[in-house]
Amino acid sequence: MRYSKDEAFKEIMNRGKAIRHKHDYLITTVLSISSMTCVIVMIAFIGIFARTDAETASMSYGAFILNAEAGQYVIFSLACFILGIVTVIVAKTIRRKAGSLNR
């Protein structure tokens, strides 16, 4: 059975969309696994290299893990995390708009 030109074009577009979806899913999976690994490594480093005494530090809001001077690092890390989230959302929005313009 032969396809007409319109059916063949639709089939090519559908297969291309499926390939792009698989590729995006693979990239998302790899990035998710690497980000989870980074979080686990960061928590391990904080646990290993934190030099506080649990008896002298306040026991509220994780102060037993970090020094009192570590507040700036926590704020900086939080700002970088939020910036990363915003970057991903903007990139996805631009990609979605570019994809809808190509159709």
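Is R15 buried or exposed? R15 counts as exposed, at 53% relative accessibility; the cut-offs are under 20% relative accessible area for buried, over 50% for exposed and partly exposed in between, using a 1.4 Å probe on protein chains only.

## Ground rules

This is a predicted model, where local features need pLDDT of at least 70, side-chain atom pairs count only at pLDDT 80 or more, and totals for chains, interfaces and linings use all residues. Residues are numbered from 1 along each chain as its sequence is written, and side-chain values use heavy atoms, with hydrogens and water left out.

## Salt bridges

You'll find two salt bridges in the structure, the term here meaning a side-chain nitrogen of Lys or Arg within 4 Å of a carboxyl oxygen of Asp or Glu.

One pairs R15 with E11, at 2.9 Å from N to O. Both sit in helix α1 (residues 5-49), four residues apart, so about one helical turn separates them. Helices are DSSP runs (H or I, at least four residues), numbered from the N terminus. E11 is partly exposed, with 27% relative accessible area.

The other joins the side chains of D24 and R95, at 3.5 Å from N to O. D24 belongs to helix α1 and R95 to helix α2 (residues 71-102), so this pair ties together parts 71 residues apart in sequence. D24 is partly exposed at 29%, while R95 is exposed at 57%.

## Cysteines

C38 is exposed, with a relative accessible area of 53%, and C80 is partly exposed at 39%.

Methods: Helix = DSSP H or I, 4+ residues; strand = E, 2+ residues; numbered from the N terminus.
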